[in-house]
Every structure is written in structure tokens, then in C-alpha cells.
Amino acid sequence: MDPVRNPYAPGAGQRPPELAGRGRELDVFDIVLERIARGRPERSLMLTGLRGVGKTVLLNTLRSQAINRLWGSGKIEARPDQSLRRPVAAALHMAVRELAPRHRAPDRIDAFLGVLKAFAQRSAPTGRAGAASKLRDRWQPGIDVPAATGRADSGDIEIDLVELFSDAAAVASDVGTGIAVFIDEMQDVGPEDVSALCAACHELSQIGAPLIVVGAGLPHLPAVLSAAKSYSERLFRYQRIDRLDRIAADQALCAPAEREEVEYEQKALDLLYEKSGGYPYFVQAYGKATWDHAPRSPITAADVRVAAPEAEAELAVGFFGSRFERATPAEREYMRVMATLSLVEGDSGGAVRDDMDAAVPTAEIARALGRKPASLSPARDALIKKGLIYSGERGTVAFTVPHFGRYLRTQPT
């Protein structure tokens, strides 16, 4: 097999050659865009799922759909301990620049850019001080109009974001379209900014303004939003992005291969699904390694078995190992116990299966370590902050990365 023609693309946020199994999500977003275009009320959208299920790829594809409908769009990636002011300002700047050539009143665009500049430069009145605050005050967002006064510049992020989003939506209404702001890693948005986002989306939904937020984050994102505003459970449309079913996983492998006039034997596809678990990132990783090792078409199960160790070695370094190295010794010990406890008995009793998505009670982790639960809170909280585990329900934790427990059980203590 020619490695130059290898069609598979395991990469962070890199679109696979065949976006299989996501037709429903694309159709739902098309309906959202069309309803808003017709002045119908719609909710902003939140995508949730584990690492490696393709949330970023899907987020980028949804953005392409919005652009194809001539919407203004901007995308940001949230980071812990970073205010949303600058990234949101940059995203809306990009969105309005896309709309500006179709707007008949340049003064309206300049007026909005003045508000946007004021929003971007305004530091919070409390809670941030010293060099970081001074640096933010000096930051210039590259907008060649004077900053406005009295609009989106109060320093209260909730008040300012509502006003900014409302003004941006008004610009979109002028040209008969909308604006979509895409936020990746949304679980990392700080509590104050999450509350402001919820308030802004709530205000826009009440007045039917053509601006939506499309977020993507780990499975506990709904809990993060709910902690900020109780009405967030009804404010957003939530879509869980999961592993691919067998049909979609086979399509992700076979469709790009067929374009290169290559086929798979059925047993090869069986083994590839068993190895990958249907997770899109793993489908691409095993597919790429198998292609490179297969001598000819059709690709056989023997080819998969020969290639699997190479795929697993690459995953161990790039996908699992890089995350494991970020943890302290105490945090690694916590995760190792989680990995052991995630081995549960199968439904038939006695047979043990690796339940990769199983939530583990924190009380059981403490019992296994011979510690009090409160003494393990620092390690737990640090692992959550690093994005290695999440708490979907009170008193439990689970890995954000599929197969991570299996990986940890192979590592020396």
C-alpha cells in the first residue's frame, strides 16, 4: 500500500476524510439556522462528549454551514483562568467583518466596532489587579475607530456581554442574516463568564435576535452551565456526541479507501471496530497504521493485527502519555485507583469487562487508598482542572479520555 495515498487523518481537530455518523447533528443545525433566518425562536447549541469523539471537527463543520449561509462567524477556544473579553471580542470582530461588505451603512458598522473596542479594553473593576490588569488595559484589538462610551463598558461582564451581543445581532439583522459564535473547550470558561454567556443567550432568545452560541465541551458542561444559571437546562439545546456505531465506523474506514480503490475484508473491519471502540480518533489512528502495514488490497485481519501495536504505541505517547505526564505523583495514584475500579463485572456475572466510560464513586477511591475523601479533594480538583477527569454526578468521577483506564493499567507504578 502506498503511504502517500493513505487517506486517514488522526489529529486534534483535523477533519477526517469521511465525516461519518454525524448527519443528525448537521441536519439539526441546518434547521436552527433556517428557523432563525425566518425569525423563529431558537436555542443556542451545546455539544458534549469525551475526548476523541470529534467535537472540534463537528464544531468546525457547523461553522462551515453557517458561513455557507452567509452568516457572520467567529470561533474561540476557552482556556482556564482567561477572561472571555478578548477572545469574544476577536470572534465578533471577525464575524462583523464578514458582514460589513454587505451592509449599506458603514456608520453602523463603525458604531458597533466602537462598542466592541470599549468592551475589549474594559477591565473588571474588582478581582483582577496588578500587571495582568494593566496589560489588558493596554491591549489594542486592531479596530481603527475610537472606543465608544456608555455601552458594553461597565466592567460588569454580564451587563457588557448582553449589550455587546444585542448590538452584534442588530448588525446582522440589518443585512438579513445572523451571527454564530463558536466556543471550543467551553467547560474551561470561568464561572463569572459562564453566567454572563447564559444571561446574554437568555436575553437574545427572548427578543428573537439572530445571534447564537455554539459550544463544545466535556460531558460535565451541562452541570457547569446549570451551576451558573438554573434556567440553562432549558436555555440550550444539548447534543451528546458519542462513539460511532458499527455502520458509521465502517463507513469512516471504507469510504475513503474506496476512493483509492482499496477494500477491507469483513474480519478486518470486525477487528478494527473491536480495537477502536468506535471512537473517531481511534478509528483514524488504527486505520492509518493498518493502511501503512497492509501489503495489498483487500486489507485483512492479519494486517490489522500486525499494525495494531504501532497504532497503540503512537496513542500511548501522543494521546495518553502527554496527558499522564501532566499529572503529579499524587494525581497519578488517584487515577490508577480509578482505573482499577473501572473494571466491573459483566452482565452475566463473573466475566470482567473494561467499562471505559464508567463513573467511579469518590468514596470508593478514598477507601481503596485508605484516606478520607476530603483529603483527596485537592488531587481530584486538580485533575478536573487539567481536563483529565470530570464529575458528571455528585460523588463520582470518570475519565475524559476513552481507553485511559486501560492505558493506566499497563503503566508501571
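Predicted model: local features only at pLDDT ≥ 70, side-chain atom pairs only at ≥ 80, totals over all residues.
Residues are numbered from 1 along each chain as its sequence is written, and side-chain values use heavy atoms, with hydrogens and water left out. Local features need pLDDT of at least 70 and side-chain atom pairs count only at pLDDT 80 or more, while totals for chains, interfaces and linings use all residues.

The largest pocket has a volume of about 740 Å³. A pocket is an open set of points on a 1 Å grid over the protein atoms alone, where a 1.4 Å probe fits, with protein on both sides within 12 Å along at least five of seven lines. Grid points are joined across faces, edges and corners, and a volume is the space filled by probe spheres set on the points. The largest pocket is lined by 45 residues, where lining residues have an atom within 4 Å of a point. Closest to its centre are Gly11, Ala12, Gly13, Gly52 and Tyr281. Helix 2 (55–68), strand 4 (211–217), helix 12 (280–293) and helix 13 (301–324) each supply at least two lining residues. Helices (H or I, at least four residues) and strands (E, at least two) are DSSP runs, numbered from the N terminus. By class, the lining holds 22 nonpolar, 11 polar and 12 charged residues. Ala, Val, Leu, Ile, Met, Phe, Trp, Tyr, Cys and Pro count as nonpolar, Asp, Glu, Lys and Arg as charged, and the others, Gly among them, as polar.

Helix 12 also packs against helix 13, at an angle of about 130° and with the axes 8 Å apart. Axes are lines fitted to C-alpha atoms, for helices over the stretch in contact, and angles run from 0 to 180 degrees between N-to-C directions. Helix 12 is therefore oblique to helix 13. Angles under 35 degrees count as roughly parallel, over 145 as roughly antiparallel, 65 to 115 as roughly perpendicular and the rest as oblique. The crossing is right-handed. A crossing is left-handed if the near helix is turned anticlockwise from the far one by less than a right angle, and right-handed if clockwise. Helix 12 contributes Tyr281, Phe282, Ala285, Tyr286, Ala289, Thr290 and His293 to the contact, which means heavy atoms within 4.5 Å. Residues from helix 13 include Asp303, Val304, Leu315, Phe319 and Phe320. The contact has 13 nonpolar, two polar and three charged residues.

The loop between helix 12 and helix 13 contains Pro298. The peptide bond from Ser297 to Pro298 is cis, with omega near 5°.

Helix 11 (residues 266–276) meets helix 12 as well. Their axes come within 9 Å and cross at roughly 135°. This makes helix 11 oblique to helix 12. The crossing is right-handed. Leu272, Lys275 and Ser276 of helix 11 touch Phe282, Val283, Tyr286 and Thr290 of helix 12. Four nonpolar, two polar and one charged residues make up this contact.

Helix 3 (residues 85–99) and helix 4 (residues 106–121) pack at about 165°, with axes 9 Å apart. The two are therefore roughly antiparallel. Their crossing is left-handed. Helix 3 brings Arg85, Arg86, Val88, Ala89, Leu92, His93 and Val96 to the contact. Helix 4 brings Ile109, Phe112, Leu113, Leu116, Phe119 and Ala120. Of the contact residues, 10 are nonpolar, one is polar and two are charged.
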